[in-house]
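Hi,

Here is the structure I promised to send over. Have a look first, and my notes follow below.

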Amino acid sequence: MKIDLTETNSSKINAAMVQARRDIGTPAIGMVLTLVIVTDEENAYDALKSANDASHEHPSRIVVVIKRVSRSPRSRQGARLDAEIRVGADSGSGETVVLRLHGELVDHAQSVVLPLLLPDAPVVVWWPEGAPADLAGDPLGALGQRRITDTYSSENPIGALGARAEAYAPGDTDLSWTRITPWRSMLAAALDQQALKVASATVEGEGENPSCELLAMWLADRLQVPVKRTPSPGPGLTAVRLETKDGAIVLDRADGALATLCMPGQPDRAVALKRRDTAELLAEELRRLDPDNTYEASLKFGVDRLNPAPAPAAAPAEAPAKAEPAKPAPKPAKKAAAK
């Protein structure tokens with residue numbers, strides 16, 4: 001069921017949702033959290049589809065906030081709220097409210113969203129793209145116990161990692177970090193099987209891929225060894241190599257689906273390591289609502305410590321001035337002949 005409301009307010013939206021649940025015969029609320037999605041019209045469809053798929057594991061009220069940019073000065077001075085309510089089969093396992101904010105209301109989105117949050121339930125805020133620099137300091141971000149972003153969607157993903165580290169607050173997380181969960185689990189299990197001391201590591205993957213940088217920073221922080229980043233054609237993260245005195249532990253995934261794990265003294269084995277879609281990543285993040293201390297430590301390790309800037313070349317020393325050739329000593333004058 002879909003209900004469209006124009007020039008409405010939060011009270012009318014709440015009343016319409018209650019009536020919609022009664023109309024479809026499910027007056028009870030069985031949702032466990034509120035997921036607030038902050039996006040634009042271009043990305044709203046994909047984000048909402050991923051959230052609906054994730055809601056099959058985490059029934060939730062999904063509130064989509066779309067800030068509409070007004071074209072004329074007159075329309076920017078006004079304020080209007082349009083809403084679309086979806087319940088039942090049109091909204092996964094929960095219910096959905098799509099809010100379109102116009103005019104001055106764009107700057108006060110939190111006042112519209114606050115009355116729509118489920119009482120006594122956690123709140124998660126997700127920016128599929130265009131996240132603010134300070135997630136916890138954002139008015140909408142301040143409503144959430146968890147704040148999810150994706151640095152991979154940034155114009156400068158590696159620079160965005162540095163900004164996330166500077167403004168980090170407990171509860172922040174990143175889907176670029178979630179993408180490497182299977183890699184971290186596989187590498188940790190490999191090191192548990194063989195008590196080998198790692199001397200150095202190499203992470204191979206696409207350039208400007210924040211997941212590769214986060215995995216390298218995780219290895220450097222946890223193992224306290226030098227980690228080298230090597231670019232590859234991809235897709236995504238392609239290989240990790242851990243050097244030990246008995247040989248190398250290599251996890252290689254060239255095709256983005258199936259990986260090969262090579263360990264010293266053991267036969268090679270194939271492991272499933274497929275690239276996951278956004279719905280799977282989002283569902284994983286919604287399983288935990290406490291701060292991720294491992295992500296914090298890895299993020300704050302710093303990309304610049306992995307790839308330090310080369311030291312400036314020393315200025316060439318000035319060549320010593322060539323000594324002028326010594327002038328030959330004057331020849332002694334011939335003695336006058338004796339008369």
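Which residues does Val227 touch, not counting residues up to four places away in sequence? They are Ala201, Val203, Ala216, Leu219, Ala220 and Leu306, with contact meaning heavy atoms within 4.5 Å.

Before going on, a note on the source: this is a predicted model, where local features need pLDDT of at least 70 and side-chain atom pairs count only at pLDDT 80 or more, while totals for chains, interfaces and linings use all residues. Residues are numbered from 1 along each chain as its sequence is written, and side-chain values use heavy atoms, with hydrogens and water left out.

Back to Val227: together with Leu215 and Leu219, it has the most contacts inside the largest nonpolar core, which has 38 residues. Such a core is a set of buried Ala, Val, Leu, Ile, Met, Phe, Trp, Tyr and Cys residues joined through side-chain atoms within 4.5 Å, and buried means under 20% relative accessible area (1.4 Å probe, protein chains only). Helix 8 (residues 210-223) gives the most to this core, 8 residues; helices are DSSP runs of H or I, at least four residues, and strands are runs of E, at least two, numbered from the N terminus. There is also a second, separate core of 28 residues, including Ile85, Val97, Val123 and Val125.

Leaving aside neighbours within four places in sequence, Arg184 is in contact with Trp177, Leu215, Trp218 and Thr294. Arg184 is buried but has no salt bridge, and the nearest side chain of opposite charge, Asp292, is 5.3 Å away. A salt bridge here needs a side-chain nitrogen of Lys or Arg within 4 Å of a carboxyl oxygen of Asp or Glu.

Gly234 is in the loop between strand 10 (227-231) and strand 11 (237-244). Its relative accessible area is 17%, so Gly234 counts as buried.

The lining has 27 residues, with Asp150, Tyr152, Arg179, Arg276 and Leu281 nearest the centre. Helix 2 contributes the largest share of that lining, 4 residues.

Cheers

Definitions and conventions. Buried means under 20% relative accessible area, exposed over 50%, partly exposed in between (1.4 Å probe, protein chains only). Lys and Arg count as positive and Asp and Glu as negative; His and the chain ends are not counted. On a 1 Å grid over the protein atoms alone, a cavity is a set of points where a 1.4 Å probe fits but cannot get out, and a pocket is an open set with protein on both sides within 12 Å along at least five of seven lines; lining residues have an atom within 4 Å of a point.
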